[in-house]
Every structure is written in structure tokens, then in C-alpha cells.
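Hi,

Here is the structure I promised to pass on to you. Have a look at it first, and then read my notes below.

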Amino acid sequence: MLNFTKIKIIIIYLILFLLTSFASLNLFYDENSIFKKKVNLGLDLQGGSYLLLEIDTKPLIKERLQDKVIEIKKFLKKNNFKYNSFLINENSISFKIDNDNNKKFQNLFFSTKDNTINQYIDQYRTHQFDLEIKNDNYLIKFSKYGLLTLNNSAVNQSIEIVRRRIDDLGTKEPTIIQRGEKRIVVELPGLKDPSRIKDLLGKTAQLNFRLITDKKDDFGSEKMISENGEEVIVNKKIIMSGENLIDAQPRVDNQSSNPMVAFTLDRYGAQKFGKVTTNNIGKRLAIVLDNKIISAPVIRESITGGSGTISGNFSFQEVTDLALLLRSGALPTPINIVEERTVGPDLGRDSIISGAISLIIGFALVVLYMFYKYRIFGLIANISLVSNLLMLVGVLTILEATLTLPGIAGIILTVGMAVDANVLIFERIKEELRTEKSIIHAFDMGYSRAKITVLDANITTLLATVILFIFGTGPVKGFAVTLGIGIITTLFSAYFIARHLTSSFVLRNRENIKL
Amino acid sequence: MKYNFNFVNYFKKFNFISLILVLLSLFFVLFKGLNYGIDFKGGTLIEIRIQNNDIRVSDIRDSLNKLNLGDVNVKNFGEKSDYLIKIEQKLNNNDSLISEIKTSLNQDLNEEVNYRRVESVGPKVSSELLKSGIISIGLALLMMLFYIWFRFEWQFSLGSIIALFHDVIITLGIFSILSIEINLSIVAAVLTIVGYSMNDTVVIYDRIRENLSKFNKLEIDQVSNLSVNETLSRTLITSVTTLLALFSIFILGGEILKGFSFAMILGVIIGTYSSIFVASPVLKHLRVSSKTLEKKEDKIVP
């Protein structure tokens, strides 16, 4: 175990050199350099906000079922089914059919070719909807994979909208990723107070233009409260929605100096808006945002240019936010904030300082103790401990890992436990020295006999770390990463660096060696 | 240093003590319960710093009680000017809660309040975090069980798991007695304890296995005793270096790492104790002898 070939020595120190160089990149970090790598600080160290969002698919499911109603009714009429008791429930559509023996409807409903009523999802080999029949009661609801597809597209759209809203606010380097089926993680480094972002994310921002009218028609109407508290009757027909908006900007009205939002419509929207305003001069238009009237102006002239303004009782902050929401588009479904963690910048700084101090002191204590215990070999163990730390930081740099406060704790713990491998080996060598006359042989036996123990002992800890990595979230994951990599660099430094140093020392001073 | 203690004499006594400690811990965990933090129970935690020393905890509490938040817990946290506010989860959707609290504090205290940390965990997320915490500890124990089984014999695997349960249960028991808050980082600490304790046990088991085949005339008690003695200096030195690092975090690492490092210190002490006084003697009860190993060798070399 004490013999090293030249090539092996070169490789060992090349690895050490390379990883140390990577570690040193943190000191000379430069945006423009080719080697633009560094260890990132977690939100708990640099300060910032972490938000976990969950999309609420219930309203979306109901909305989609609502959209399906006309289609299903047409389908029933076309195929001569006599139906009654047609109902839209929370997550299903139900009706009765009198003249069916269950087979005909089923066959049509589950046909795989050109099925417009119940789309076939190739990817999962199932239909969008399931059908339950009890006697003559029919119940249509989303299938498992139908829900999944709905979910996925809602999450993807939401991520896009969330990103636009956050980017629009000019937050630096936000991270927005999906987690699990229904959740979105938003990390905003450096943000002190996420309340404005929470406000903006809490609104779906579905914008509709509808007419205020007493006239009854097929679409029906509903009572709503206008922005200044009066009760009005609003037609359910949506003239135009926020989808037709291409831009919205906060402005100040030249005459009244009230804040307002100026919007621009796409070509389709402009045509439609022009037509409606021309035909309804003198009537009132309800501008509805998330089922609340935010403004209900009287149409004074036809607006054909494709642009207009929304004014009401807004503060300048409100019109800025409204314009931002309209620009970024509507969320497909409401979002709830289910977890929030914000760390202020000065707590982060304090954590870095106390982390660094405890690392230095802990390190110094361990180094002194090892030197006291093993003298020259303690020195070797300490050199391997330093290389171990350098390599650990080097690997973290290559991975561009995120360093959290528990991560620093992981490094300190690595320092404490890293010497274990060397302690195991040295103690074994001591035992061998008691029975073995040849010193070199004793060292050799010590290394080879301790090998299995060192491996077994470290693999068990590594297993615990892997579990932590898989199940841990946020800072805990950071702890697992540093501890796990720490174990691997520990093995390397004990079995290659320390062993090589020991062997060169022992081979040179064969006679007077004390351990 | 070469140690030559006669641990066999103490095995019985310490096993009895361990048994009592485990039962006591179970009693506390089951009846007094654990003090779950907001990570696992849901709720809101706010850490603030106010430079004015005239402000008292009761001032902050009074200001918050106006908001009708239910169970509000305010206490000093680390430094004199730092306070920790904990609010139990009541409503499902209270997105504006935090800004309401901030407005109220800013008005009532008439002082610049520095919001150092704000954490809010919804009930759904907290129950999931608790579940994944329990699963991860369970899974870690299971993986250890299989690894030792694979490397040694089933008796060793069972013995080490008994020692691990011993460590985890007593650590949790002490947490229950002292009402220390259980949060995500405590789960990380417990998992690391599991790894550390196993590490210690494996080193001794390795030696027991080696000695069993070397001295096949000796009783398992004697072999355990010899092996514990032979590895004792390593066990102690490693515990000391690990504890040095941990005490450094505990004293200097700041308030947030206190619970974590305390759990680890407890775990290292209990883990070291258990690998000597629980994991080793338990092999006798599992009827391990030099024959246990022979069987395996027969299997490998037919």
C-alpha cells in the first residue's frame, strides 16, 4: 500500500491542483471571464424571498366543463338522444337519456377516430373524459390523464405568466421552476419584501369588456356592483377579453390629471371594439377584472383606432400594477401561496459571518488536536484536511452548487468527521506496530486492513446523505450536498494524499518513527 | 494508548439503563409530544430587530393581539434587540396576514422595525414536510439495515438497527423533555446522527468480525470486549474531533444553527455510547458466534 507509481502520483496531485484552481475561481470571480463559475449563496445567506405557489385547478375544471356544455348538447341532439335533467356540477356534467340502451352513447363517446366530443390523448392512450352510467343517469367527468393534461398545461401557462409579471418588476435573477404536479417555486434573491409580488401573483387578471343593459337575450345577465357602489345589470356576453390586448401602460389624464391605463388592441380586437362601440353609443361599458367592475364608462363615440383608456378611482400605484397585469396576460386559474420564506440581507450577512467564524474556529481546534495526538502524522492528516476542504469547495464550484447555512454546517461537520479516516488508519497502524517488527510492513498492513472499515463507515453516512438529498428541500438539500461531496473528498484525501505523504515520510525515515 | 477495560461487567448495567432511557423517551414523545415548529405544523414566524431597548416583549404582543390572530408567541431571540414572533395557522388563505402584521407593528411601536426573517408555511405543505421527514428517516434506517445485512450477517444488521433506534428515540425524548422545536434542520440532524452512529457501530462490528474468525475459541462476549477495547481510542478521538467542530457551531454559529448543532451533539454522544454499550452486547443476545461467519464462507466457496 505504500508504493506509488509515478503516474499515480501525477494524477493524484493533478486532481488536487485542478480542484483547487476551481475553488480559487471564487476569489477571482469575473462576469466576463471564460471560467465563469462560483459557489452561489442560498437565499438564507444572501437574503431574498422564496415563494411556493400552488395552482387551484377547481375553477378551471368547472370552466372547461362549462365550455363543453354546448358541444355536448349539440352532440346529443345530432344523435337523437332524448335527454333531460342536464346539470353542471363541481367536477362533472350529468344528464338523463330516455332512449338509449347504454351501448350507442358509449360507442360514440369513446370512439378513437376524430372524436371531438371526447378527445383521445395519444400520449396516455386514454380519453379526456370518463363516463359513469347508472340506469339512465349519465355522468361525464375528467379522466385521470385528462386532469393531468389540464393540470400540466395550466402549470406551464402559469409559469409563463408568473415569469412575465416578475420580469416586468425588474427583479434580478429570479428562478421560476415547476415542482411536483401543481406547484411552482419562485426564488427572488435580494428581495426584502415580497408583498407587492404576492399581490400581483394573487390576481388572475381576467379582463372582460361587457355591456351594461336591461335588454334580455340568450346570454343572460347578472347583477354586479360598479366601482362607485351602484348596482348595475351586466350582460353575460363577453364583447372582448384581455387576450386581445397587446400592450397596456400607465398614463396620467391630461385634463383631470387622474392616473389611468392606456391599452392597445390587436387587429381582431380593434375591429370588434370598433363595431360594438359604434352600435352602442350612449350605453355603458363594464370593464370587468376578475369578476369585479373596475370601471363602467359611457360610450361617447365609436372607438375604431384600436386603442383606449381605462380610468376610474385609481392611485398611480394601482394603474401601474393594473397595466403590468394586463400586459403580462391572465393566469389560467387562481394561484395560492402555500409557503413563503424571506430572509433580510443583514440576517444573511450575520449568518455568513457566524458561519465563517465557527468554521475557522472548528477547523483550528481539530487541526490543533490532531497535531497534539499524532505530531508529524497529525501534520500529514492536517495537510490532507486542508486539501480535502479545497477539493470540496472545488467540486461545489464545478457544480455551481448553492451554499446555504446548513451547508456551511455540513462543511464544518465534514472537517470534524474527515479526520476519522486518518484516525482509523493511524490507530490501526499503531496496533500493527505492536506486533510487527518491520515498520514499513506495519504501515502497509495498517492501510490495507483499515481500508474495508473506512469504506464501510463512510458508505453508511453517504447513504444517509443520499436520502437527505432526495427528500430534503431548500437549505436541507444544501446540507446534504456539502456533506455528501465532503465524504467523497475525504476518502480521496485520506487514501491518496495522506497515504502518499505518509509513505514518502516513512520510506525516508525508516528507523526513527513514532506514532 | 492501549485500552483494556472489562466492558462485559458493565454491559448488563448499561443495557438496563438504556432500556429505561428508551422507555422514558417513548413515554415523553407519546404523552408530552414534540414541539413542532411551523415547518411541520404550519403557521407564520417573524424575526425582527428593534434597536430601541425600551420596547418590551409585551408591547409587541399587545400590538399583535389587536389583530385577533389567536395563539401568538413572542420571545427574545439571541440578542437583546431581536424578537421571534410565532403565529399558529388558523385560516387557509391569509395572503395579506404578513403585511397586516407589519403595518400594525410599525404603527404601534413607533420605531424602525427590521424584518430579518419571515417564514410562512401553509397547512398542506407542513403536513407534507412532516410526512417526507418521517419517510426519509424511515428510509435511511431501512437502507442501513440492508447495507449491513449485505456486508455482514443479519444479526449484525439487526444489532445496528437496534442501536440506531435507541439513539433516535433518546434524542427525540430529550427534545420532548426540553421542548426544543422540531423543524426541517432537526430532521437533517437526526439523519446525520443516524449516519454517524452507524459509522461508529460499523467500525466496531468490522473488528468483531475480524476477531471472531481470528479467535474462534473465544465467547462472543470476550470478542466484543476485545474489539471495543481495540477500537476505543479511535472511537474517542473521532468523537472528540466531531464534537470540537459541533461545539464551534453551537457556540459561534448563530441562533439559527443552535437547535441543529445541539441535536448533533446529543446524537454524537448517544451514538458513541450506543455503539459500545448497545450494539456490541446485543450481538450476544442474537447468538452470534464464530460459526455465524463460517456459514457465510461456506456459501461463497461451495
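Strand β20 of chain A (residues 335–343) pairs with β5(B) in the antiparallel sense, over five bridges. Here strands are DSSP runs of E with at least two residues, helices are runs of H or I with at least four, and both are numbered from the N terminus; two strands pair if DSSP finds at least two bridges between them. In this pairing, Glu339(A) stands opposite Val121(B) of β5(B).

A word on the source: this is a predicted model, where local features need pLDDT of at least 70, side-chain atom pairs count only at pLDDT 80 or more, and totals for chains, interfaces and linings use all residues. Residues are numbered from 1 along each chain as its sequence is written, while chains are lettered from A and ligands numbered from 1 in the order in which they are written.

Now zoom out to the sheet. Eight strands form an open sheet with antiparallel pairing, in the order β9(A)-β10(A)-β2(A)-β20(A)-β5(B)-β2(B)-β4(B)-β3(B). Its edge strands, β9 (175–179) of chain A and β3 (72–77) of chain B, each pair on one side only.

Within chain B, β2 (residues 43–50) and β4 (residues 79–88) run antiparallel and are joined by seven bridges. Ile46(B) stands opposite Ile85(B) in β4(B).

And how many residues of each chain are in contact? The answer is 56 of chain B with 57 of chain A, where contact means that C-beta atoms, placed from the backbone, lie within 7 Å. On the chain B side, α8(B) gives the largest share, 14 residues.

Happy exploring!

Terms used
Contact = placed C-beta atoms within 7 Å.
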